[in-house]
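Welcome! Take a look at the structure below, then read on for a short tour of the protein and one of its residues.

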Amino acid sequence: MTSDPSWTHLDPDNNPAMVDISAKPVTVRTAVAGAELLLPPGVLAQLRDGEIRSPKGPVFQTAIIAGTMAAKQTSGLIPFCHPLPLDAVRITIEPPESGILRIEAMVKTSHKTGVEMEALVAASVAALTVYDMCKAFSPAIEIRRVRLLSKCGGKSDYTADE
């Protein structure tokens with residue numbers, strides 16, 4: 001029994017397997033992922049000068065560090081992700097507008113496979129860090145719309161529709 005070629009994470013015996021990227025060329029690859037958090041009034045009331053300070057420290061700055069660390073650990077979290085040398089990780093957090101906090105994670109590498117998962121993990125962990133640090137103000141924070149916004153390099157490019 002051979003696996004369907006469209007199922008890239010199955011070997012010829014239909015067992016789970018990491019994709020063999022050894023024949024692929026090295027190219028510069030970039031991915032951008034985003035996450036949104038709906039912040040309730042109890043959290044928004046803590047916003048001062050573009051940052052929220054909690055008993056645990058500066059929220060946005062800590063979330064940026066946590067997201068960066070998470071991007072570097074992606075292959076240890078997602079079973080078939082290749083460990084990648086990351087050339088850049090940049091996380092931006094926009095002050096909330098209409099109660100919505102936007103996080104964007106850009107990850108870049110020069111390698112044989114893309115960094116979409118690294119960007120998604122970075123955005124997700126940054127959002128979870130904001131939640132963790134602000135839950136004492138209100139546990140009603142909602143993390144939503146974690147998604148790939150764009151990717152370039154490799155076989156195909158992608159840009160999400162708004």
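**Charges, fold and one buried lysine**

The protein carries 16 positive and 18 negative side chains, and the centres of these two sets are 5 Å apart. Here Lys and Arg count as positive and Asp and Glu as negative, while His and the chain ends are not counted; each charge is placed at NZ of Lys, CZ of Arg, CG of Asp or CD of Glu. This is a predicted model, where local features need pLDDT of at least 70 and side-chain atom pairs count only at pLDDT 80 or more, though totals for chains, interfaces and linings use all residues. Residues are numbered from 1 along each chain as its sequence is written, and side-chain values use heavy atoms, leaving out hydrogens and water.

**The whole protein**
- You will find four helices and eight strands, which are DSSP runs (helices H or I, at least four residues; strands E, at least two) numbered from the N terminus.
- From the N terminus on, the order is β-α-β-β-β-α-α-β-β-α-β-β.
- Among the 162 residues, 38% count as buried, meaning under 20% relative accessible area with a 1.4 Å probe, protein chains only.

- Lys151 sits in strand E7, which covers residues 142-152.
- Lys151 is buried but has no salt bridge (a side-chain nitrogen of Lys or Arg within 4 Å of a carboxyl oxygen of Asp or Glu).
- The nearest side chain of opposite charge to Lys151 is Glu116, 4.6 Å away.
- The Lys151 side chain does reach the backbone oxygen of Ser156, at 2.6 Å.

Key. Buried < 20%, exposed > 50% of the residue type's maximum accessible area, 1.4 Å probe, protein only. Polar contact = N/O pair within 3.5 Å; in protein donor to acceptor, adjacent residues only side chain to side chain.
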